[in-house]
Structures are given as C-alpha cells and as structure tokens.
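Here is my note on the model shown below. Please read it with the structure open beside you.

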There are 4 protein chains.
Amino acid sequence: MPKQTFFKIPEDKRERLLREAAGLFAERGYNQTDMAQLARRAGIAKGSIYNYFESKEDLYLYVCRDGMQRSREAIYGRMDPEWDVYRQIEHIFKEGARFVQSHPEYLILYANISSAGMSRFSELMSLEVEKYTADYLKRLIRRDMQRGLVRDDVDVHFAAFMVNSLYIIFMASLVSSHFKIRLREYLEIEGDFTDATLAPLIQGITDTINNLLKPA
Amino acid sequence: MPKQTFFKIPEDKRERLLREAAGLFAERGYNQTDMAQLARRAGIAKGSIYNYFESKEDLYLYVCRDGMQRSREAIYGRMDPEWDVYRQIEHIFKEGARFVQSHPEYLILYANISSAGMSRFSELMSLEVEKYTADYLKRLIRRDMQRGLVRDDVDVHFAAFMVNSLYIIFMASLVSSHFKIRLREYLEIEGDFTDATLAPLIQGITDTINNLLKPA
Amino acid sequence: MPKQTFFKIPEDKRERLLREAAGLFAERGYNQTDMAQLARRAGIAKGSIYNYFESKEDLYLYVCRDGMQRSREAIYGRMDPEWDVYRQIEHIFKEGARFVQSHPEYLILYANISSAGMSRFSELMSLEVEKYTADYLKRLIRRDMQRGLVRDDVDVHFAAFMVNSLYIIFMASLVSSHFKIRLREYLEIEGDFTDATLAPLIQGITDTINNLLKPA
Amino acid sequence: MPKQTFFKIPEDKRERLLREAAGLFAERGYNQTDMAQLARRAGIAKGSIYNYFESKEDLYLYVCRDGMQRSREAIYGRMDPEWDVYRQIEHIFKEGARFVQSHPEYLILYANISSAGMSRFSELMSLEVEKYTADYLKRLIRRDMQRGLVRDDVDVHFAAFMVNSLYIIFMASLVSSHFKIRLREYLEIEGDFTDATLAPLIQGITDTINNLLKPA
DNA sequence: GATGAATGAGTGTTCATTCAT
DNA sequence: TATGAATGAACACTCATTCAT
C-alpha cells in the first residue's frame, strides 16, 4: 500500500507516476525496471518514489492492483446486468479488446504475475485478481441456467473456467510479442491486427462459448 | 548455439548443466538466474559455461529449444499417426499433463517467452516454437476433415488455434503458481491436483473440442 | 547552538525533543541517527528541528552539552564542598552510578566522543567536557593535601587523572554493551548488575584511591 | 570469516587490503567507511572485496580479530613467562605503548566496539577479545600470590580488572583524539606526547599497581 | 579444456536538508 | 512558526563476462 503522502500530491503527478510505472513494468518486467529511470520518466526525484511507496515491490503491487481496477471499470463499467450471458460475454470480449489495445500495459502486468520468479507476487495477488471474474461468470451462468438460457447439464465451474481461459488467450494474443506471433502463425495473418482480422476471431470464440452453453 | 566444445564433454556433464540451467531459469526467470550459482549447481567452473556457450543468452536459447525438443519427444514420440484427431488430441493432453508434471521446468520456460521484457527472445524463438504444433494440428484436422471425421464447415486455422489455446491454459494451470491458484478458484478445488481432479478437467476440455469439431 | 526559536517553544516540547535525541544518539550513534525518526519520536515535524537547530551536528553538540550539565547537576548538585576528598569521591561514584543507571544515554554520549570518526566533535567538546572535572579534582586534592589529608608526595595531576580514569571505566562498565561483558568476564559475575555486585566494586575502587592518596 | 578466495591471493595484496581496511575503519568508524573508497585505496575492484568477504560486516569482524591477534603478538610475543607480575605488567605497558603508537588503528578498533550502535559487534567479539587478557592476568596474579609476591588478601578478579582498566585508559589516551585532549588537560602537557612525558605516566600507573598488589 | 579471481557498471534504498504552504 | 513533500548524492552489494594460469 502506498504511504499517505501519495494521496496528498497533485493528481496529475500521481497519475503520471502510475502511468510511467505501469508502462515500464510492462515493458521491462518487474526486475528489469530501474527505479531511477522510472523517476526520471515520471519527472520526479528518485527519493520521492520512496516518499510514496515503501519499496519497489509495494509500488509494483499497487500498480498491478490499480491496473486491475481500471481494466474492470473499462470492461464491466458500462455493462447492463440484465443482459443475458451471451450478450455480456460478447461485451466483455469487445470492450476487453478495445481496452487492451489502448492500454496493453495492464494486461501485460496481469500476464506477468504468472511468469517465472514471480510466485512471490502471485501469492499476494492471484486470488484477488481471479476471484472477481470467477464469481461474476459463475453467477451469470447460474442465473441464466435458471432462466433456461443455459443447458442444465453444464458444469458451472468448468464453463466459467473455459470462458475466462479463452478470454485470457485472446487478450494475450493482442499484447504479448510471443502470442502475437503465435496468433499470426495459427491464423496465417500477416501484418498488424485490424478489426477485420479480429472480428471473426471474436466471433469464433463466442460461437465456441455458445456451443458450450446454449441449450440444444 | 553452443560452441563445439559443449558437444565434446562427457554426456552426463552436459546433461547436468542443461538440467540445472532449465531448473534455475524456470525457477527464477532469465534475468534473475545467476551464472555463478548455475555453475555451482552444475558442478563446473563459471568460466566453463563460457567455454560451452557464447553468453547467458546463448545458453538460455539453447536450454529453451532443448526443452521444446524434449517436450515434443515425450508427447509426440509414441503417437500413432494413424489415430484420428480425437484420439491424438486426447493423447496429447494426457501425455502432456504427465510430462509437465514430471518436468514442469520446460513448460515454465515456454510460458516465459511471453512475459514482460522477453520480446528479444520471442523474436528469436516464438515462431519456431509454435510452428511445429500449429502445422501438426492443422494437418491433422484437415486430414480428418477429408476423412469425414471433422465437420466440413470448420475453420481449420481457428480450430487448431482453439485446441492449442486450451492446451496451453491447461498446462499452465499445472505449473504456474498463478494459474494453479486460478484453477483452484474456478473449479473450487482444495489441496493439490490429483488424477481424480484432473481427469474430469481433461474430459471437459476434450469434450469441448469434440463439440467444436465433430460432425453433428 | 540552538536558534532563538528553540527557547520560545513550550518547555515540555523542548524537553521531549532533547530526551528523544539523547536516547537515539546514544542508542544508534551520531551517524546512524535518522532525523526523520527523531522528529517522529519527538512528535514534531522534521522541518521543525531545523527551525530550532542549524543542523544535525548543532543538535548533537547541544544534546551532548546538555547531557553533561544534567550529569554534573545530578552528581555535584548535592555535594557539600566541605566534605573531604574521600567522602566527595565516594559521593561522586555513588551518585554517578545511580544517575548513569537511570540515564545511561548521557554517559554513552560522553563515551562516544572518543569513538572512531568523531574527532570533529572531540575538537569542539572534549576540553570543555573534561576541564570541569579535572579542575574540580585537582583543586580538591590540593586543598586536602594542604589540610594534611593527602600525602604530600602525591602528584596532584596524576592523582586526579587516576581518579577520573577509574570513574570512567566504572561508569562505562554500567552502560556499554562491551564493557558490561568485560566486567562480567573479569569479575565472573552472571546475570545483571545489582547493588550487591556493584557495592564491593565501588568499595574496591575507592579503596584503591585511598591507597593512592592517604598518608601512611 | 573470509571466503576461501581471500587466502589464495598473493600475500601482499591480502596485507594491503587488511591494512587499508584497518586504517579506514579506525579513521572513520564502521558505518562511515565506504567500501568503494576502501577498494580504491587497496588498489582493487570493489567487487573483489566481495570475493573475499561475505559483507562489510564480515570484513570488519575479520579486521578487528586480526588486529587483536597482531596486538597480542606484539605485546605478549616476547614476554618471558617466568618474569614476575610486576615485570610482566611493565612489559605489557611498554610494549603496548610502543605498538599502539606505531599501529594506533588496532587500539582504535578495539575501543570502537564499545561505541554507540556497535552492540551488534560487541555481542560477537567482546568476550573473545577480553577473555584472553582477563585469564592471563588472573593466572599471573594468582601464581605470584602463591609465590608470596602478591598480598594474599588481594581479590584476584578485581586486581586483574584494575590492571586492565588502567591499561585501556592509558592506551586510549595515546590514540583517541578525545582522550589525548583529556590527558593533556589532566597532566597539563602541551604538544605531542614524547617518551619524556609518557615515562613518568607509565611509572605512576605501575606504581599504583604495585601499591595495589605488593605485600606490605 | 578447466578454473576461478578480477572487474566495474548497475541497482534499490537512505537521509540530511530545503522550502513552499 | 509548523509542516512535510522534494531532492539527489551516497552507499552496500550483485553479476555477466574476461583472462591468466
């Protein structure tokens, strides 16, 4: 958690630090991010960061959690809870893709929790990161199962797991250097991803989900 | 690429170095792996590593590629090419799970290519890593489509992508600290993963694939 | 010297700052004492310290001098100048021991002027610290020599030096971690020092002094 | 304890590092000694120090212990164990003074264990530092008491404590900036200490000891 | 070919002091 | 006068790589 001081400084300064930190952590990874360079980019003194945060680790955790919040807001913010599963899932994928393309850093930070040498952080964050979506999806599927919109022989846990798995893979494919190469190789796409290349992919994925959930 | 010297040393020495390197890189990540510690664990002199490899990076690339080879051998090695897609995919998931549980380090190394700050490596390895499986799956699906075992309205590229995506998520769930927590949260499992908890999961995944591919 | 401001603030605030400063400087030493931590302990703002004192060094010097005053008051305060050397010396040791046990910080500060890297301070304080006692003891010994209470072949300077030397060693033995261990080792004492262990030690020391000074 | 490496390097390099380290630690104190500056003075790379020692603390402990050894050798090295207490004590003071004047750094290091913020070190070293002399003096006094050379009503522990206390004060007076000022003030000496000023002081101290120990 | 001592740029963190409010 | 945010030099320690033996 940041120190009190962090919340007393002007908002633009605070935002700039968070933005540059998210950017650097995402670009270089936790260990390769240099606090001095971060300070320089954020336009503040190195020592100031330590007036705001206990340590690099403290800063990292906050940046990740903050990124998670922002992602959720962007994706779940304008969701109508009355929509059915299918529409909600479509919304999640579309808004997710849009957000991830304008702010790839947060998805990269998310993906990074699972990388080698980060188990220290995963113990602190993974559950809180995953729980929200897991609960959300399960609740949604269960609700619509009762409404007869989802097959009643579906395993709610497994279904939620599948939906989220496809979400993760898809989003990672939009930001990670490796997964972009992979996506291009599988789909035999050349050049950058455009709406034209992405739309059918989202379609394919949501179709798969429909297949999995929709009553015969 | 290793230097000539590396292939002239006794096999067990070579193996030990590769094993310890894979272990350390997987445990700590590339940057946090210390060449001195590696040398110590491998029972050789620090300088010797530089007699075998140009640099840490050279070693890392070789260890990753070597791990990929070993993984493929374990998974595709005893596959009968005449089996149909479904049986082959089942085999891949089962052998994959088995191999990944006895040698988590290679899957971790694979997963790590996509993490922050590793794009340098992904440019060197991602394509070669992914191409094999992508080609294999596409060829297989296409073949069985011709044999009438796969729906003919299936997009071969997308189908291969989906199969491999589910494979990656599943395997990552067995090794990464983060994805293990996530799996437990979604499936509401407590304690370690056993065959009893994994079997239905594999079943669910292969069922999903069948759903996606099998003619009505 | 403190700035004017320091003497305008409420006495308890002033006292608290001096007390915490003495405590911290004694506990950690000059260099390892953190001005921010001191401010926190004293319940004032970091900047305020700099409203009262020119610098850390200025504060330190004042705290040391103030401690010296307090020590003197405690030890010489209730001394009857008419007592003979022996009684006065006994009084000094007893009151000294009592004061040093309730306020070890001041003796520690005194001892610290002589430690490595503190010659800057010793040039500023040593003389003024030592002069008082040196003069006092010499005057006293000389007076009682004239009264026939001290052997007339005694070297007054040397005698004063010896008395004070024994005083310093004894007091240091009560406060410094090292000298406590040393005292325990020499006297083969176990556990904490009590009046029962200290009394004979004081006796031994004053006997030695008597031996040195008393006419045959 | 130093690492193996330290004992494999050329002796002059080893000696130079120890000499410069003793010098700097004595001049500046533990905390204010800068490893980079030490390396520079010793003519080696900063990293090399860490090939020899685990840490600054490790180095410091070794330098102190090594200094203690050297001091002992210089002082007790050419002592004839058959000499009586008085002659041995005289020898200790004279050789001590000589050694301390040519190598003040070791005595300063010794004195420093007792300074503020060093209790961490005193717990590690004080006993081992003091035990040798304490045992030596006690044994010697006891032996000569049996030989009738020491009054039989003397408390051996206390006597040893007194002898060593006078030794410490005297030696400190030769090296510490503070204690030099103090000595000058008490003895009203001006200028540097010479053999002419020191001889009577040693005489006075040994006389005091004789007074304390010699049979009437 | 094997070894491990040497190197020095790099990194997270601390802290006395300043100064705008 | 009181406050505490800002600063940046300093500092212990790390580590990939080299190279003499």
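1. Start with a term. A residue is near a molecule or strand if its C-beta atom, placed from the backbone, lies within 6 Å of it. By that rule, 36 residues surround DNA strand F. The closest are A:Thr5, A:Gly47, C:Gly47, D:Gly47 and D:Lys56.

2. Some ground rules. This is a predicted model, in which local features need pLDDT of at least 70, side-chain atom pairs count only at pLDDT 80 or more, and totals for chains, interfaces and linings use all residues. Residues are numbered from 1 along each chain as its sequence is written, while chains are lettered from A and ligands numbered from 1 in the order in which they are written.

3. Which elements give two or more residues to the surface near DNA strand F? They are H3 of chain A, helix H2 (35-42) and H3 of chain B, H3 of chain C, and helix H2 (35-42) and H3 of chain D. Helices (H or I, at least four residues) and strands (E, at least two) are DSSP runs, numbered from the N terminus. The surface near DNA strand F divides into twelve nonpolar, 14 polar and ten charged residues. Here Ala, Val, Leu, Ile, Met, Phe, Trp, Tyr, Cys and Pro count as nonpolar, Asp, Glu, Lys and Arg as charged, and the others, Gly among them, as polar.

4. Now DNA strand E. It is surrounded by 36 residues, the closest being A:Gly47, B:Gly47, C:Met35, D:Thr5 and D:Gly47. At least two residues each come from helix H2 (35-42) and helix H3 (46-52) of chain A, helix H3 (46-52) of chain B, helix H2 (35-42) and helix H3 (46-52) of chain C, and helix H3 (46-52) of chain D. The division near DNA strand E is twelve nonpolar, 14 polar and ten charged.

5. Next, chains C and D. In the contact between them, chain D has 49 residues and chain C has 48. Two residues are in contact if their C-beta atoms, placed from the backbone, lie within 7 Å. On the chain D side, two or more residues come from each of helix H1 (11-28), helix H6 (104-112), helix H7 (119-146), helix H8 (156-175), helix H9 (177-187) and helix H10 (195-213). H8(D) gives the most, with eleven residues. This side of chain D holds 21 nonpolar, 19 polar and nine charged residues.

6. How are these two copies related? Chain D superposes on chain C by a rotation of 180 degrees with 0.0 Å of shift along its axis (RMSD 0.1 Å). The two copies are thus related as by a two-fold rotation axis. In chain D, the C-alpha of D:Ser115 is nearest the axis, 3.1 Å from it.

7. A rotation of 180 degrees with 0.0 Å of shift along its axis superposes chain A on chain B (RMSD 0.1 Å). A:Ser115 has the C-alpha of chain A nearest the axis, at 3.1 Å.

8. Which pairs do not touch? Chain B and chain C have no contact, and their closest C-alpha atoms lie 32 Å apart. Chain B and chain D do not touch either; their nearest C-alpha atoms are 12 Å apart.

9. Look at H10(C). Its buried residues are C:Leu201, C:Gly204, C:Ile205, C:Thr208, C:Ile209, C:Leu212 and C:Leu213. A residue is buried if 20 or more other C-beta atoms lie within 10 Å of its own, exposed if 12 or fewer, and partly exposed in between; C-beta atoms are placed from the backbone. The cover over the buried residues of H10(C) includes helix H5 (85-102) and helix H8 (156-175) of chain C, and H8 and H10 of chain D. On the face turned away sit the exposed residues C:Asp195, C:Ala196, C:Ala199 and C:Asn211.

Notes:
Copies are superposed by least squares on the C-alpha atoms of residues with pLDDT of at least 70 in both.
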